[in-house]
Amino acid sequence: MNFVKMHGAGNDYIFVDCLHQTIDDMSALAVEMSDRHFGVGSDGVVYLYPSMVADIKMRMFNADGSEGAMCGNAVRCIGRFLSEKSDKREFTVETNSGLKTVTHIDSDIYSVDMGKPEIDEVRTIFVCGQSLKFTYVSMGNPHCVIFVDDVDSVDMRIGEEIEHHSYFPDGINVEFVEGKNENLKIRVWERGSGETLSCGTGACAAVAASVKCGICPIDTDITVSLRGGNLKVKYSRSLYLTGNAVKVYEGDYYDKVHFCDRRSCQRPR
């Protein structure tokens with residue numbers, strides 16, 4: 001099975017071309033390949049399919065095998081994948097949270113129109129012996145945004161506890177956010193993957209909540225600093241996410257359980 005490994009600001013994914021090969025158990029294969037000791041190592045696996053409404057369709061599975069609706073860093077990497085095969089500079093990607101448009105800006109920089117967020121009022125959750133205020137933001141996937149004074153001192157076990165809290169029966173992504181005006185610094189606990197170096201939808205959720213709470217200005221490029229690098233987010237009529245999409249390597253992966261050649265397998269319904 002051929003695959004490509006790419007990352008956006010350190011948020012790394014394995015991309016599997018299902019246009020020409022068939023996977024019979026995408027969830028199990030994602031767990032196996034994502035393992036950083038016994039597999040390729042990644043935050044998850046993205047499967048690429050033909051689409052009737054876009055240039056390509058993606059399905060994204062986290063490192064624990066759960067399926068995610070959307071990933072902004074992965075969409076930028078898909079833009080990189082497509083741009084290497086075409087002279088076009090703009091592509092559409094079908095995701096489980098709708099169509100996304102990705103544009104090749106320059107070199108390895110790509111930008112995605114992430115759409116409009118859904119933002120709820122500030123709520124309170126009791127976790128790890130303390131009450132924490134958070135802003136709920138949906139980017140097609142759910143986010144719990146918590147503002148802190150010093151993001152580097154945050155105990156990330158709080159993120160894990162919130163992900164599995166009964167308040168969120170389907171789990172949730174957690175962003176700890178520090179900063180104001182045109183600069184934010186965040187750490188992310190991703191649902192299904194744990195702490196990651198970056199999260200595109202998380203950066204967008206952090207900016208959306210910051211604009212909502214008057215911490216950052218609207219219609220301005222906000223620099224979001226993550227452990228894996230910087231992303232730019234602009235919240236105007238939509239949320240625009242800009243950052244790098246880096247191709248790390250291509251490879252062949254042998255797995256007799258989850259992969260089958262198209263000649264001997266039926267495409268999953």
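Select Arg 36 to begin: at 48% relative accessibility, this residue counts as partly exposed, where buried means under 20% relative accessible area, exposed over 50% and partly exposed in between, with a 1.4 Å probe and protein chains only. What you have open is a predicted model, in which local features need pLDDT of at least 70 and side-chain atom pairs count only at pLDDT 80 or more, while totals for chains, interfaces and linings use all residues. Residues are numbered from 1 along each chain as its sequence is written, and side-chain values use heavy atoms, with hydrogens and water left out.

**First stop: the salt bridges**

Asp 12 lies in strand S2 (residues 11–17) and Arg 36 in the loop between helix H1 (26–34) and strand S4 (44–49), so the pair ties together parts that are 24 residues apart in sequence. Helices (H or I, at least four residues) and strands (E, at least two) are DSSP runs, numbered from the N terminus. Asp 12 is buried, with a relative accessible area of 8%.

Select Asp 152 and Lys 185 next, which form a salt bridge whose closest N and O atoms are 2.7 Å apart. Asp 152 sits in the loop between strand S12 (142–147) and helix H3 (157–163), whereas Lys 185 belongs to strand S14 (residues 183–190), so this pair ties together parts that are 33 residues apart in sequence. Lys 185 is partly exposed, at a relative accessible area of 34%.

A further pair to display is Lys 247 and Glu 250, whose side chains meet in a salt bridge of 2.7 Å, N to O. Both partners are partly exposed, Lys 247 at 28% relative accessibility and Glu 250 with a relative accessible area of 47%. Now select Lys 5, Asp 12, Arg 36 and Asp 43 together, as salt bridges that share partners join these residues into one network. How many salt bridges does the structure hold? The structure holds 14.

**Second stop: helix H2 and the cysteines**

Select residues 72–83 to bring up helix H2, which has twelve residues and reaches 17 Å from its first C-alpha to its last, close to the 16 Å expected at 1.5 Å a residue; the expected span is 1.5 Å times one less than the number of residues. Is helix H2 enclosed by the rest of the structure or open? Twelve of its twelve residues are buried, so H2 is largely enclosed by the rest of the structure; among them are Val 75, Arg 76, Ile 78, Arg 80 and Phe 81.

Within this helix, pick Cys 77, which is also buried and has a relative accessible area of 0%. The sulfur of Cys 77 is 7.9 Å from the closest cysteine sulfur, in Cys 71, too far for a bond. Cys 199 is likewise in no disulfide, the nearest cysteine sulfur, that of Cys 71, being 6.4 Å away; at 3% relative accessibility, Cys 199 counts as buried. A search of the whole structure finds zero disulfides, a disulfide being a pair of cysteine sulfur atoms within 2.5 Å.

Select Phe 147, which lies in strand S12 and counts as partly exposed at 30% relative accessibility. Leaving aside neighbours within four places in sequence, Phe 147 is in contact with Thr 135, Val 177, Ala 209, Ser 210, Cys 213 and Ile 215, contact meaning heavy atoms within 4.5 Å.

Move on to Ser 97, in the loop between strand S7 (90–95) and strand S8 (98–106), where 22% relative accessibility makes this residue partly exposed. Again leaving aside neighbours within four places in sequence, Ser 97 is in contact with Ala 69, Met 70, Met 139 and Gly 140.

**Last stop: the whole chain**

Along its principal axes the C-alpha trace spans about 55 × 40 × 30 Å, and buried residues make up 53% of the 269 residues. Among contacts between residues at least 6 apart in sequence, 62% join residues at least 24 apart.

Key: Salt bridge = Lys/Arg side-chain N within 4 Å of Asp/Glu carboxyl O.
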